[in-house]
Amino acid sequence: MENLMARMPKMLMGQDLAKSMLLLPTYNPAICKADAGARLMALDAMTDIYVPSQMSYEIYSKIYMAMLHSLKKKQTKDAIQQGNQNHMRLQGLGYNSVLGGADSFSVIGPSGIGKSTAIAKSIALSGGDQIITTENPYAQIIPCINVQCPHDCSVKGLLLAILSQVDVLIGTRYEHLAVKDRASIDNLIGTVSQVALNNILLIVIDECQNICRNKGGVNLVASMTQLINSSGVSICLVGLPETELFLGKEMQLARRSVGLSYSALPYDEYFIQFCETLFSYQYVTHPSKLTPELIELLYECTGGIIAIVVSIIMEAQQIAILTGKEELNKEIILMAYNKRLKNVQDFVQVKSNKRSQTSSIVNKNTADISQKSSVDEAGMDILIAVIIDKARSEGLDAVELLKGQEILIEEENV
């Protein structure tokens, strides 16, 4: 029997891992002298920037160890026994779990913090695109299958999606045969369990918050539990914070979904480093220097959500180029926040201790550009958000606080 452990890539640590995960697109300062169209097209390169964080390293470690754990089970006595049990289930002759799924875990956090990107990079560094082929016995082992939880929580939809990816990667016809035979959900679970046992190391199920938003979520949770027990492979559940609360209601799944939980970035050295990296990619004619004041303003406008930080700087540069202002400054950043990030403003939450530090900056920004209506509105929006947040946290009257800021308040008597 082959030594399967030797087929895994070397586990990276420290600076080697940081360098492997870091992605900085090529940037030529001469682009700032190009015409507006060329600069707008080049600006899209900012979406490829990736600066690994502590979250990235933790996710990589979890994924690598989960794959390694599954690989250790392949072609063992327990795996053969589990395969026999799965076959008996498909024949309707009874069923008992042998391997279990104690090595499954979850990655939970709000949208935009980089979970999916970190998972994709971790999978790639763990050999995710390299099929492991063994000769004695012959087998094709897929390091990772990545699927999304169906929006309607269809158990059959999830199982068929797993089979479909397996078919694409190793040239089988499991999905076609399952559809042709109109396999029941119970038979599909048996089939997917057997396929996973023989051919998969890790199954990543993304968008798991869908189970909280659909009445079919309970059935899907039960089916996922069966799959975890009978496949013997690691399963990673990825979702928004609400997923954690839902999974906690089911003990049999909660103990298998213990894992990593994250929130938006705090105002720390990593956030500052990330902003400095983004500011090194300027496509305006007159590049600006990143100041502590601008960093605090970016945190106030984005709440530490990485995706929004990238968006606001890209949108601000687009505005600067299109309006001919050609500078990335407070005015342009506030204009981008007010005009192009309206839909995300309600989802941005800044910790109270940092908000108290940055609110004075926002107030100053608003006063400095009071002659510019569009920017004035942006600063006022942020100021109002600061005051309302303060009122909620301290149990104060928001209307009275707003009046104290010389903001016109109209009260209606109902």
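This is a predicted model: local features need pLDDT of at least 70, side-chain atom pairs count only at pLDDT 80 or more; totals for chains, interfaces and linings use all residues.

In which sense, right-handed or left-handed, does H1 pass H5? The crossing of H1 past H5 is right-handed.

- Helix H1 spans residues 14-21, and its buried residues are Leu-17, Ala-18 and Met-21.
- An α-helix has 3.6 residues a turn, so residues three or four places apart point the same way.
- Gln-15 and Lys-19 are exposed on the other side of H1.
- The cover over the buried residues of H1 includes H5 and helix H3, residues 54-73.

**Packing of H1 against H5**

- The axes of H1 and H5 are 11 Å apart, and the two helices pack at an angle of about 115 degrees.
- On the H1 side, the contact is made by Leu-17, Ser-20 and Met-21.
- Their partners in H5 are Ala-118, Lys-121, Ser-122 and Leu-125.
- By class, this contact of H1 with H5 holds four nonpolar residues, two polar and one charged.

**Packing of H8 against H9**

- Helix H8 covers residues 185-199 and helix H9 covers residues 217-231; their axes come within 9 Å and cross at roughly 40 degrees.
- The crossing angle is roughly 40 degrees, and H8 and H9 are therefore oblique to each other.
- H8 passes H9 in a right-handed sense.
- From H8, the residues in contact are Asp-186, Ile-189, Val-192, Ser-193, Ala-196 and Leu-197.
- They meet Ser-223, Gln-226, Leu-227, Ser-230 and Ser-231 of H9.
- Five nonpolar, five polar and one charged residues make up the contact of H8 with H9.

- Ser-126 sits in the loop that runs between helix H5, residues 115-125, and strand E2, residues 132-135.
- The relative accessibility of Ser-126 is 1%, so this residue counts as buried; the cut-off for buried is under 20%.
- Leaving aside residues up to four places away in sequence, Ser-126 touches Met-8, Pro-9, Tyr-60, Ile-63, Tyr-64 and Met-67.

Key
Residues are numbered from 1 along each chain as its sequence is written. Side-chain values use heavy atoms; hydrogens and water are left out. Helices (H or I, at least four residues) and strands (E, at least two) are DSSP runs, numbered from the N terminus. Buried means under 20% relative accessible area, exposed over 50%, partly exposed in between (1.4 Å probe, protein chains only). Contact means heavy atoms within 4.5 Å. Axes are lines fitted to C-alpha atoms, for helices over the stretch in contact, and angles run from 0 to 180 degrees between N-to-C directions. Angles under 35 degrees count as roughly parallel, over 145 as roughly antiparallel, 65 to 115 as roughly perpendicular and the rest as oblique. A crossing is left-handed if the near helix is turned anticlockwise from the far one by less than a right angle, and right-handed if clockwise. Ala, Val, Leu, Ile, Met, Phe, Trp, Tyr, Cys and Pro count as nonpolar, Asp, Glu, Lys and Arg as charged, and the others, Gly among them, as polar.
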